[in-house]
Amino acid sequence: MTNIKISNRSLGFVKGALAALAFAAAGAAFWLTPAVSAEDAVKIPPPAIDEQAAAGTEKAIFAGGCFWGVQGVFQHVKGVTRAVSGYSGGDKDTAVYETVGSGRTGHAESVEITYDPSKITYGQLLQVYFSVAHNPTQLNFQGPDSGTQYRSTIFAENDAQKKIAQSYIAQLDQAKVFPEPIVTTLETGKTFYPAENYHQDFLTLNPTYPYIVYNDLPKVANLKALFPALYSDKPVLVLSASN
């Protein structure tokens with residue numbers, strides 16, 4: 001697995017290697033306090049418009065840079081029963097990691113989240129997404145990763161999700177909680193395709209991988225620090241559930 005992401009994330013690997021040395025002595029602190037990484041967390045208000053709590057399950061699909069970190073964050077959110085890394089925005093035939101990496105397929109690395117709306121709402125998922133999962137002011141890049149496949153996009157499943165997301169983006173921009181305008185786009189009518197198994201649960205399975213140490217573990221730490229009521233210490237893993 002040492003060759004994974006090398007072409008797209010060589011810069012991130014170099015930064016991560018240096019960061020890994022610096023953070024090694026304080027590794028436990030990642031899980032206790034807000035951490036400094038390539039993408040800092042931002043404390044933001046909850047959405048003014050949200051869905052009502054209800055029984056059953058729903059799905060949300062978010063793209064925000066490398067899916068390793070986005071998946072890792074939402075696997076630690078209470079009420080989330082499944083978070084799968086994959087591709088959205090393009091065709092089935094091009095939903096392959098090496099092809100998506102060209103940036104010419106229309107796909108974005110994304111995460112399909114299955115959740116219980118009686119325990120967590122779509123708006124709360126959006127709050128985590130904008131606050132700690134990625135930086136919504138970066139256009140077609142996140143941290144060391146660049147290209148349209150790393151764009152910030154919400155793939156709304158229905159009109160209700162689209163309305164909530166549009167309202168929340170306007171609310172956050174008006175409140176100026178970020179130093180720059182939000183560039184997150186909304187796409188509808190797109191199919192989600194699961195990524196290869198070697199990408200699933202990558203954060204949990206590779207906690208010492210330099211890219212994960214520098215870019216993604218701090219996101220989980222920030223989730224715990226900023227949203228303690230939503231944080232679950234035990235992640236919901238894809239591969240263990242499949243087995």
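The model is a predicted one. Its secondary structure comes to eight helices and eight strands. Of the 243 residues of the protein, 52% count as buried. Among contacts between residues at least 6 apart in sequence, 83% join residues at least 24 apart.

With a relative accessible area of 1%, His107 is buried. One polar atom of its side chain lies 2.8 Å from the backbone oxygen of Asp91. The side chain of His107 also makes a polar contact, at 3.4 Å, with the side chain of Thr94. Leaving out residues up to four places away in sequence, His107 touches a set of residues that includes Tyr87, Ser88, Gly89 and Gly90, as well as Val100, Thr148, Gln149, Arg151 and Tyr193.

Six strands form an open sheet in the order 7-6-1-3-2-8, and the pairing is mixed. Strand 7 (185-188) and strand 8 (192-194) are the edge strands, each pairing on one side only. On average, neighbouring strands of this sheet are turned by 35° against each other, direction ignored. Within the sheet, strand 1 (residues 58-64) pairs with strand 6 (residues 152-156) in the antiparallel sense, over four bridges. Gly64 stands opposite Ser152 in strand 6.

Helix 4 (residues 122-133) packs on the sheet and touches strand 1, strand 2 (80-88), strand 3 (108-115) and strand 6. The direction of helix 4 makes about 15° with that of strand 1. How enclosed is helix 4 by the rest of the structure? Eleven of its twelve residues are buried, so helix 4 is largely enclosed.

Phe62 shows which parts come together here: apart from its neighbours within four places in sequence, Phe62 is in contact with Phe74, Ser110, Val111, Ile113, Tyr122, Leu125, Leu126, Tyr129, Thr153 and Ile154.

Charged pairs form the last part of the picture. Side chains of opposite charge can pair when their charged atoms come close. A search of the whole structure finds three salt bridges. In one of them, Lys59 pairs with Glu112, the closest N and O atoms being 3.8 Å apart. Lys59 lies in strand 1 and Glu112 in strand 3, so this pair ties together parts that are 53 residues apart in sequence. Lys59 is partly exposed, with a relative accessible area of 37%, whereas Glu112, at 16% relative accessibility, counts as buried. The cut-off for buried is under 20%.

Another salt bridge joins Arg151 and Glu187, with the closest N and O atoms 3.0 Å apart. Arg151 lies in the loop between strand 5 (145-146) and strand 6, and Glu187 lies in strand 7, so the pair ties together parts that are 36 residues apart in sequence. Arg151 is buried, with a relative accessible area of 11%, and Glu187 counts as buried at 17%. Arg151 is also one of the residues that His107 touches.

In the remaining pair, the side chains of Asp216 and Lys219 meet at 3.7 Å, N to O. Asp216 and Lys219 both lie in helix 7 (residues 210-226), three residues apart, which is about one turn of the helix. Are these two residues buried or exposed? Asp216 is buried, with a relative accessible area of 2%, and Lys219 is buried too, with a relative accessible area of 3%.

Note on methods:
Residues numbered from 1 in each chain as written. Predicted model: local features only at pLDDT ≥ 70, side-chain atom pairs only at ≥ 80, totals over all residues. Heavy atoms only, no water. Pairing = 2+ DSSP bridges. Helix = DSSP H or I, 4+ residues; strand = E, 2+ residues; numbered from the N terminus. Axes fitted to C-alpha atoms, helices over the stretch in contact; angles between N-to-C directions. Contact = heavy atoms within 4.5 Å. Buried < 20%, exposed > 50% of the residue type's maximum accessible area, 1.4 Å probe, protein only. Salt bridge = Lys/Arg side-chain N within 4 Å of Asp/Glu carboxyl O. Polar contact = N/O pair within 3.5 Å; in protein donor to acceptor, adjacent residues only side chain to side chain.
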